[in-house]
Amino acid sequence: MTGESEPLILGIESTCDETGVALVRGTELLIDRTATSMDEYARYGGIIPEIASRAHLESFIPTLDSALHEGGASLSDVDAIAVSAGPGLVGSLTVGICAAKSLALALDKPLYGVNHVIGHMAVDGLAEGPLPERFIGLVVSGGHSNILLVENWVDGVRELGGTLDDAAGEAFDKVGRLLGLPYPGGPHVDRLSQQGDRDAIRFPRGLHAVKDKDRYRYDFSFSGLKTAVARYVEGEKARGAELRAEDICAGFSEAVNDSLTAKTVRACLDTGCDTIVIGGGFSANSRLRQLIQERAEGAGLTVRMPPMRFCTDNGAQIAALGARLVAGGAAPSDWDFSPDSAMPLTQTWMAPTNADMAVVSEYECCSPNR
């Protein structure tokens, strides 16, 4: 349990289709509330940015009010505000950033525009206690599949590798569409894969050729795998065979997760880290969770994965990262920062333009006389 002396951080998430608001004090989550517009996109087969932006506008105030009421806090209790600055949809990000700036200005509180992808790792500190000072992060979602070396939250995040084409979650959704599964297809592919034989169909692993093992040591490629699944389905239909959706999903899932877990464990061993932290929407995948545990245990490594409720975008991850930045002495963002839909994964937050002011003494940014 953290003390009342630690700053109370309000986190605001609006990168895509979830409107999230949370309150965090140190490593203690006081409340986390999320509104989603996911159901509105089923008929379109994908996110419609304009609809997502309007949904954020409609959901923000009710979600904020609910979080404050259930968290037993008022806006005057907040010491600092953290908001998603990127990556994400520009329109959705803009709604959250404008709301956060308005609150920070009205309350005269410091504001941090943070990287919501890095927040996917920080949120695990709320579930299982403080994270180690140095670890390997695997961030996997519909838009990202990246291996990161994290040595400190302020300026010590280094990208070791990532996908050269499709992200893991994106590939799952595309295979789901190929098999005629409801949107979003990823969870349905995962469900069917648990019923199939993962050894019945062996699909290729991208970048596993000898010539690629050094050059793309920590990188992934899933577009060729997706094409291999499409050709297999076309071939089965051409010869009039009945599609074994469960086996297709199982073989496809095994190929994706084999690559993700093998390269993540390799990165951990190569860098001398003893902990792997998984984050992102795809971290809910059942085979990923099983296989990474098996391989990590075999290599003497520890794996930390957030509970299912923290896998998708949420305000808790933003507040958690904001709390780590404040504790690490990061200075608040300048007021004129804009959303960055392609925010680099090595950039934890929108640091002030004046480099000399990027780091201040611990909690100084939240002091009444700042």
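How many positive and negative side chains does the protein have, and how far apart do the centres of the two sets lie?

1. To take that opening question: there are 32 positive and 50 negative side chains, with the centres of the two sets 8 Å apart. Please keep in mind as you read on that this is a predicted model.

2. Now the overall form. The protein holds 10 helices and 10 strands, and its C-alpha atoms fill a box of roughly 75 × 45 × 35 Å along the principal axes. A compact globule of 370 residues would have a radius of gyration near 21 Å, and the protein agrees with this at 21 Å.

3. Of the contacts between residues at least 6 apart in sequence, 74% join residues at least 24 apart. The accessible surface comes to about 15400 Å², and carbon and sulfur atoms account for 49% of that.

4. Two peptide bonds deserve a look, since most peptide bonds are trans. G86 and P87 are joined by a cis bond with omega of about -15 degrees; P87 sits in the loop between strand 4 (80-86) and helix 2 (90-107). The bond from Y183 to P184 is cis, with omega near -10 degrees, and P184 belongs to the loop between helix 5 (168-178) and helix 6 (185-193).

5. Next, the backbone angle phi, which is negative in most residues other than glycine. D108, in the loop between helix 2 and strand 5 (111-115), has a positive phi of about 55 degrees. L207, in the loop between helix 6 and helix 7 (223-238), has phi near 60 degrees.

6. Are D108 and L207 buried or exposed? D108 has a relative accessible area of 56%, over the 50% cut-off, so this residue is exposed. L207 has 15%, under the 20% cut-off, and is therefore buried.

Technical notes
Residues numbered from 1 in each chain as written. Predicted model: local features only at pLDDT ≥ 70, side-chain atom pairs only at ≥ 80, totals over all residues. Heavy atoms only, no water. Helix = DSSP H or I, 4+ residues; strand = E, 2+ residues; numbered from the N terminus. Rg over C-alpha atoms; globule rule 2.2 N^0.38 Å. Contact = heavy atoms within 4.5 Å. Areas by Shrake-Rupley, 256 points an atom, 1.4 Å probe, with all protein chains shown as cover. Lys, Arg positive; Asp, Glu negative; His and termini not counted. Charge placed at Lys NZ, Arg CZ, Asp CG, Glu CD. Buried < 20%, exposed > 50% of the residue type's maximum accessible area, 1.4 Å probe, protein only.
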